[in-house]
Amino acid sequence: MTSNQTIAGASADATGSPAQHGSLGLVQGTALYIASVLGTGILVLPGLAAAAAGPASIVAVAAVLVLSIPLAGTFAALASRYPDPGGVASYVRRTLGDTAARMTGYWFFFGVAFGAPVLAVLGGEYVVAVLGVDRAAVPIIALAIFVPPFIANWFGVRVAGWAQFVLTGLLIAVVVGVVAVTFPAVEASNFQPFLPNGWGGVGVAISLFVWAFAGWEVGTHIAGEFKNPRRIIPLATAIAIVVVGAGYLALQVITVAVLGPRAGEGQVPLLDLVETTAPGIGSVLVAIVTAIVCLGVMNAYLPAFAKLGAALGRDGDLPRFFAKGAAAGEVPRRALTLTAVLVAVYFVLMLMNGLNLTAFILIHTSNMVSIYAAGMLAATLLLRRWSFGWWLAVVATIMTAGLLVLAWQNLLVPLVLAAAAVLVTVVRRLRRGRAARTARVSTDSDADADSHVDTGPAARVPEPVLTATARQEPS
C-alpha cells in the first residue's frame, strides 16, 4: 500500500485497520443513514409511483427495498472494515489503482454535488406551492435551506450528528403523523384493479424508487468518525433499512388507499394526501415536512463531501491545501468551504437555466450509478471470497451494472470527470519522467566530472613516508 492510501495521522490496530478516534455513536449514525435515504423521495415518489402502477406500486416499493439490501450491506461491510474519508474511492484505490480511485472521487465530489441545488430548489418549489407564495421566492428559500447545514458542519460532525438526530426524529414523527391522520380516509375499493397498467407500470415504479433508496454510500465517507465502526456501522445500516423500508411502504399503502386514481395528479401529492382529512392545516404541515427533509438530507451529505474533499487533498487528487481535516476527529473546514463554493457555482448555473431541475438530476444520478458500479466491483475484489459480504457484493455488482446500462445516455459528465482523472495521471507520469531524466543527467554529469580527474603520477596518492627507524634494514 502506498503512503497516499494511509489515513493521515492514524495508527493501525492488530487487524490492520486504522485506529479510530471518532465521536459518532449508534443513535447519531443511524439518524445520518436514515436521513440520507428517507429524504426528498417522500415528497413526490409515492404519488408518482401510484400513478404509474396503481396499487401494484406497493410491490414495486417492496422490490426496491429488497434489492437495496445487498447494496446497503456491501457498503456497510466495506465502511466497517476499511474506514477512510475517501469512502468508495478508497476501496477502488485498494483494488483498481490510483486512476480509478481518482475517477470515483471526482464523480462524487464534482458530479454528485449537482444534486445539492436540486435539493434546495425542490424544497423551495414545494414551500412556495403549499403556502401560495410567489415563485420568485424560490431562490431565497433555497439559500435559506443551504445555510443551517453548513453552519452545523463547520463545528464538526458531532454537532451535525446531533442536529441530524433531531431532524430525523422530526421526520419519522411526521411520517407516522401523516399515516395516522390520513388512515380514516382509507378505502378498500382503491386497491382494485391491482395492476391497472400491467407489469410494465410496476417496472416504471421500480425505476422511480431506485432514486428513493439511494444514499447508502454516504456513510462510507464518515466511517472514521464512528466510535466503533466494526460494530456500529452494520447495526446502524440494518436499523436504517428497516425504518426507511417501513416508512416508504406505509406512505405508499396510504397514498394508494386514500387517493386511489387521483394519486400523482397534483404537483404536491403529500399535500393532497393530508388535505383529505386535515384541510386547512395540511399546507403548514407539508411545508414543515419539506423543510425538515431538505435540511436533513443536506446535513447528511455535507460531512461526506467535506471528508471526501479532504481525502482527495491528502491523496494529491486535489491541491494539498485541502487535506487538512482528513484524519478522524478533525473538522475539514477547508474542504467544506470548497464544497460551499462548488455548490454556489452549481446553484448559479441552475438559476441561469431557469430553475430547470431535469438536467441536474440526470447528472447527479449518472454519477451515482458510476460510483456504485466501481464500488461494488471493488468490493468483490476486496472482501473475503465466498463470505456473506462477498455474495452481497456480487449481487449488487450485477444490479449496478444493469443500472449503468440504463443510464448510458446520461454518462457525459462522468466521462468528462473520468477523462480529467486520466489527464492528472498522465501529467503526474510526465513530471516523474522529467524528474527522473533530470536526476540521471545530474548523475551522468557527476560521473563525467569524476572520469576527467587527472590520474597521472602527479595525481597519485603518495606512498606513506617512512620514518628513519622504519627505513632501517634488519641487521
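Residues are numbered from 1 along each chain as its sequence is written, and side-chain values use heavy atoms, without hydrogens or water. In this predicted model, local features need pLDDT of at least 70 and side-chain atom pairs pLDDT 80 or more, while totals for chains, interfaces and linings use all residues.

Helix α4 (residues 88-96) packs on helix α5 (residues 98-111) at about 165°, with the axes 7 Å apart. Helices are DSSP runs (H or I, at least four residues), numbered from the N terminus. Axes are lines fitted to C-alpha atoms over the stretch in contact, and angles run from 0 to 180 degrees between N-to-C directions. The pair is therefore roughly antiparallel (over 145 degrees). Contact (heavy atoms within 4.5 Å) involves Val-88, Ala-89, Val-92, Arg-93 and Leu-96 of α4, and Asp-98, Ala-100, Ala-101, Thr-104 and Gly-105 of α5. Six of these residues are nonpolar, two polar and two charged. Ala, Val, Leu, Ile, Met, Phe, Trp, Tyr, Cys and Pro count as nonpolar, Asp, Glu, Lys and Arg as charged, and the others, Gly among them, as polar.

Helix α5 also meets helix α15 (residues 358-382), with axes within 9 Å and crossing at roughly 155°. These two are therefore roughly antiparallel as well. From α5, Thr-104, Trp-107, Phe-108 and Gly-111 take part; from α15, Ile-363, His-364, Asn-367, Ser-370, Ile-371 and Ala-374 do. This contact has five nonpolar, five polar and no charged residues.

The lining of the second largest pocket has eight nonpolar, six polar and no charged residues.

Technical notes: Angles under 35 degrees count as roughly parallel, over 145 as roughly antiparallel, 65 to 115 as roughly perpendicular and the rest as oblique.
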